[in-house]
Amino acid sequence: MQLPWLQQASYQRRFVILSQDVNKSAREVDHQFWWFALSGLLLLGAMITGFMIGPAGPTWWRIPLELLNRLPLISVDSGVSASDWNIVWQIRAPRVVLAVIVGSTLSISGASYQGVFRNPLIDPYLLGVAAGAGLGATAVFSFRDSPTSTWIIDPLPLVAFLGAVIAVMITYFIGTAFNEGRSSVSLVLAGVAVTSLATAIQTFILQRNNDVIRQVYSWILGRLSSATWGDVRLVLPYVVASTVVLLLHRRLLDVMRVGDDEALALGVNVRRVRLVVVLAATLGTASVVAVSGLIGFVGIIVPHAVRLLAGASYRRVLPLSVLLGAAFLVAADIPSRVLANPAETPIGVVTAFFGAPFFLLLLRTRQTSQ
Amino acid sequence: MRKLSLVGVAGLFLFSLSACSSSSETTDTTVAVETASYPVTVGDLTLESQPMRIVSLSPSATEMLYAIGAGAQVVAVDDYSNYPAEAAALGTMLSGFEPNVEAIAGFTPDLVVIAYDPSNLVEQLNALSIPVFIASAAVSIDNVYEQIEQFGVLTGHAAESLQLSSQLQTDIEAAVAGITLPAEPLSYYHELDNTLFSVTSNTFIGQVYALFGLRNIADNVEAGNDYPQLSAEVIVSADPDLIFLADTKCCNETAETVAARDGWGLLKAVTNNHIVELDDDVASRWGPRVIDFVVAIRDAIALVTAG
């Protein structure tokens, strides 16, 4: 697929990118440590706050004391009863940990997708992950005979995961089958087509089984409220594998910012890098979508916020996206569980409602300062 | 005539349905009246002692709990549990669709009743050692009697629940027996909302109509879908004898708004004014008020056969 205007624009951009990097790199290395320290502290702060605030359970200031008490060799009298601690540990803690996992995975996947496709508008759901998982979830809600039937394993995350992976595989094989050269644009277009197809099938199934619309709708909005330690254990291996693979590709993604041909000339196997990064990012995204539904906004906004703050090099964008994406989702989950108490506010609503103004502010201040 | 023999006829006139759904009766009932022996087991669930702090996230279950005299044991309900008035007065506004587990646990319940598990709710509550009873949506009228009796066993009101279920059964049978049905079965259309979603005879709602031998125009419209969305063309060409509106509260539909719809003005049900405005809640819950639904259908048929 040839799109001359797109090629022209990207030629103009890649020289700007290169010259920016040369000018900035010396200054940014000094700042690098502080960005990591600050992001780490933000994440830690968000997690401790996340442990402390909720609609029930012990008084908030007792919880850090009890957390200290639980550490080896330290004994503090926190005055937290066993049943109160149970609420914190069994209900709140898995939520916080799952928010860390989901937030970091969506952010690093989004950043990686944006890197391999050199397209700032891409989010981790683009290649069909969202629609495939949504179709899988809809099928489970519609066709399992009874919501309380005793399955050996819960089919919902499994089928959602399979739906996501199958959708991306179809996208990948169609998008790369017919043209060797410009596979990045045709991949994105194939993703759009597969998304439309899967969404159409999902809508058709839903229309014929409208008694489950409410369940499917709340799944699509995404939630951390149903988090259990089982969910955390279920996704952790995939998410860790995906994050490690993506972090290992951070330098190659930097090279690919200049364009496929130039990266090839520099000895990078562009096709293989793109395949591995897409597979790893899809694995991570599909896993977290399977347990938390479609939490929007995180995967596109966090990487851009990181770029605005710390520069565009993937050596910083990827690890900082992990830390800040996690911190952002943990923080967003707090209003989600207390705003509409005793009901829940969907997490996707909170991420967009608080995240969008913050991002606009950031965009505005960074533009005026440059 | 299931279960009728268990209670004896004496209970029937002592315990009229109007009394059981009235608010004064349930609050008078002290919990210690019955000496139920625990542990009790219903299905997979075993309760070691009488639950005194019940949280209900199902409007139908809430109505049953209050109707069998277990209302004093209910501490919190969901935001759809608007009946009876004492349940609504709890003002606890929990959500059964987007449940906040911490908020539920904050009531320190010793029994949580739900209609379905939206996602991991049972697992999360069990992690806090809170027992959960799932009273799934009824698929038949017998399910209603059965669930009322299950709640009786669980809450220590077994005798009252048996009285209620057999009274309900008697009243429903009396309502059905008290009317002469026309030789040719009447056809009907049950409207769930103003985008023309309906129900088939396979649903609980459809089975209530089937008691009177009514013919559902939504049957066989769409194979395999018990809640089909009908097109206006299907409804107009079927020209049902009766139209039941179960969307008077959700969507403010009335006999007038239906008559004003394009192309509906010449329908039999519209010209003869055989449009029945139901209470959305009564016509969708599988609780003790199902008798009100049955009576509304009977009265509508009486209107058609008289005219």
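Biologist: How many helices and strands does chain A have?
Modeller: This is a predicted model. In it, chain A has 14 helices and 0 strands. Read from the N terminus, the elements of chain A run α-α-α-α-α-α-α-α-α-α-α-α-α-α.

Biologist: What percentage of the residues of chain A count as buried?
Modeller: Of its 370 residues, 48% count as buried. As for contacts in chain A between residues at least 6 apart in sequence, 78% join residues at least 24 apart.

Biologist: Let us take one helix. How many residues has H13 of chain A, and how far does it reach?
Modeller: Helix H13 of chain A covers residues 314-338, which is 25 residues. From its first C-alpha to its last it reaches 36 Å, close to the 36 Å expected at 1.5 Å a residue.

Biologist: Where is the kink in H13(A) centred?
Modeller: The kink is centred on Ser321(A) and amounts to about 30°.

Biologist: And how many of the residues of H13(A) are buried?
Modeller: The count is 21 of the 25, so H13(A) is largely enclosed by the rest of the structure.

Biologist: Now Phe354(A). Which helix is it found in?
Modeller: Phe354(A) belongs to helix H14 of chain A, residues 347-369.

Biologist: Why is Phe354(A) classed as partly exposed?
Modeller: Phe354(A) has 15 other C-beta atoms within 10 Å. A buried residue would need 20 or more and an exposed one 12 or fewer, so a count in between is called partly exposed. The C-alpha atom of Phe354(A) is also separated by 9.8 Å from that of Pro335(A), and the two residues are 19 residues apart along the chain.

Biologist: On to the contact between the chains. How many residues does each of chain A and chain B give?
Modeller: Chain A gives 29 residues and chain B gives 29 residues. On the chain A side, the elements that give two or more residues are helix H3 (82-117), helix H6 (183-208) and helix H7 (213-221). The largest share of that side comes from H3(A), with 5 residues.

Biologist: How do the residues on that side of chain A divide into nonpolar, polar and charged?
Modeller: The side of chain A that touches chain B has 7 nonpolar, 16 polar and 6 charged residues.

Biologist: Which residues of the largest nonpolar core touch the most other members?
Modeller: They are Val129(A), Ala164(A) and Val112(B), in a core of 172 residues. H3(A) supplies the largest share of this core, 16 residues. Domain 1 (9-173) and domain 2 (180-306) of chain B both give residues to the core, so it lies between them.

Biologist: What does Val112(B) touch?
Modeller: Leaving out residues up to four places away in sequence, Val112(B) touches Val55(B), Leu57(B), Ile104(B), Leu125(B), Ile130(B) and Val132(B). As a general point, nonpolar side chains in soluble globular proteins tend to be buried together.

Biologist: Back to the two domains of chain B. What separates their centres?
Modeller: The centres of domain 1 and domain 2 of chain B, taken over C-alpha atoms, are separated by 30 Å. In their contact, 20 residues of domain 1 meet 12 residues of domain 2.

Biologist: Which helix gives the most to the domain 1 side?
Modeller: H5(B) gives the most to the side of domain 1 that touches domain 2, with 5 residues. By class, that side of domain 1 has 14 nonpolar, 4 polar and 2 charged residues.

How values were computed:
Residues are numbered from 1 along each chain as its sequence is written. Chains are lettered from A and ligands numbered from 1 in the order in which they are written. This is a predicted model: local features need pLDDT of at least 70, side-chain atom pairs count only at pLDDT 80 or more; totals for chains, interfaces and linings use all residues. Helices (H or I, at least four residues) and strands (E, at least two) are DSSP runs, numbered from the N terminus. Two residues are in contact if their C-beta atoms, placed from the backbone, lie within 7 Å. Ala, Val, Leu, Ile, Met, Phe, Trp, Tyr, Cys and Pro count as nonpolar, Asp, Glu, Lys and Arg as charged, and the others, Gly among them, as polar. A nonpolar core is a set of buried Ala, Val, Leu, Ile, Met, Phe, Trp, Tyr and Cys residues joined through C-beta atoms within 7 Å. Domain bounds come from an automatic or database domain assignment. The expected span of a helix is 1.5 Å times one less than its number of residues. The bend at a residue is the angle between axes fitted to the seven residues ending there and the seven starting there.
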